[in-house]
Amino acid sequence: MGRSELRLRRPAQTRSVAPIRRALRAFLEALAFEGSALDDITTAAGEALANAAEHAYAQKTKRRRCDVELLARFERGELSVEVSDGGCFIERSPLPGRGFGLRIIRAIAHQIQIETSHGTRIRMLFPGPLLKS
Amino acid sequence: MIQTIRLAGELDLSRKRELRDAFALSSDARAVLLDLSEVLYADSTALTELLRFCAMAQTANAPIAIVIAAPQFLRLVQYAGLATAFKIFHERGEALRYLSERTGN
């Protein structure tokens, strides 16, 4: 299997999250991901997207377009999913409010990187699907 | 009485307001059945609102039983470290029996 890529950019709004998440799921299904791996990757990406949509643009201005972008890339048997924004990713303690997102992502992804130099980018790595022989 | 709250579909950030409105305790509720058996997907927004509602019900001394069927939702609870925070059942009858035992009905 060669390299496959999905790139989506939408306004950073709560209603953008579900369509991007569903598109990622369809992309993963096409790559033969299934079962719990399919659910879990979608869940982790959904948390990153929700966090971006809810918090990333807390300081947005009317003149600035605020987007969230997802880039999923499957190459050499490994899947990377990146969610980026132009705001700042918020790492919060799990209680009392919404703050379980990062905990969930860390529980699912094999590796996670968070960069905050130019906006914020969260990169999650997952192993490829177990292909049936 | 046992109050029943039923939600279906995808419980994510876009339904935060709806979740908060739905998770309201009736004044005459002695127990609550949260039937989420038709939820297909949930995210941490749903977990946060569930925690908020459970705290409210605990204050009112009303036990809560939650019915969850979707494997994604069940694993989300585990990943968030909340497996012991909720009383979760896989089917409605089992949840009702649990609540009946606690309310004496």
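Below is a short tour, with something to select at each stop.

**Before you click.** This is a predicted model, so-called local features need pLDDT of at least 70, side-chain atom pairs count only at pLDDT 80 or more, and totals for chains, interfaces and linings use all residues. Residues are numbered from 1 along each chain as its sequence is written, while chains are lettered from A and ligands numbered from 1 in the order in which they are written.

**Stop 1: the sheet in chain A.** You'll find an open sheet of five strands in the order S1-S2-S3-S5-S4, with antiparallel pairing; two strands pair if DSSP finds at least two bridges between them. S1 (4–11) and S4 (111–115) of chain A stand at the edges with a single partner strand each, so one side of each has no neighbour in the sheet. From one strand to the next, the twist averages 10°.

Now pick S2 (residues 67–75) and S3 (residues 78–85) of chain A, an antiparallel pair with eight bridges. Which residue in S3(A) does Glu69(A) stand opposite? That's Ser84(A).

**Stop 2: a helix across the strands.** Select H1 (residues 14–30) of chain A, which lies across S1 and S2 of chain A and runs at about 175° to S1(A). Such angles run from 0 to 180 degrees between N-to-C directions, with axes fitted to C-alpha atoms, for helices over the stretch in contact.

**Stop 3: where the chains touch.** Show both chains: 21 residues of chain A are in contact with 16 residues of chain B. Contact means that the C-beta atoms, placed from the backbone, lie within 7 Å. On the chain A side, H1, H2 (35–55) and H3 (101–108) each give two or more residues, and H2(A) gives the most, with nine residues.

**Stop 4: inside chain A.** Select Ala44(A). Leaving aside neighbours within four places in sequence, Ala44(A) is in contact with Ile104(A), Ile105(A), Ile108(A), Ala109(A) and Met124(A).

**Stop 5: chain B.** Switch to chain B, with its four helices and four strands. What order do the elements of chain B run in from the N terminus on? They go β-α-β-α-β-α-β-α. Along its principal axes, the C-alpha trace of chain B spans about 35 × 25 × 25 Å.

Technical notes
Two residues are in contact if their C-beta atoms, placed from the backbone, lie within 7 Å.
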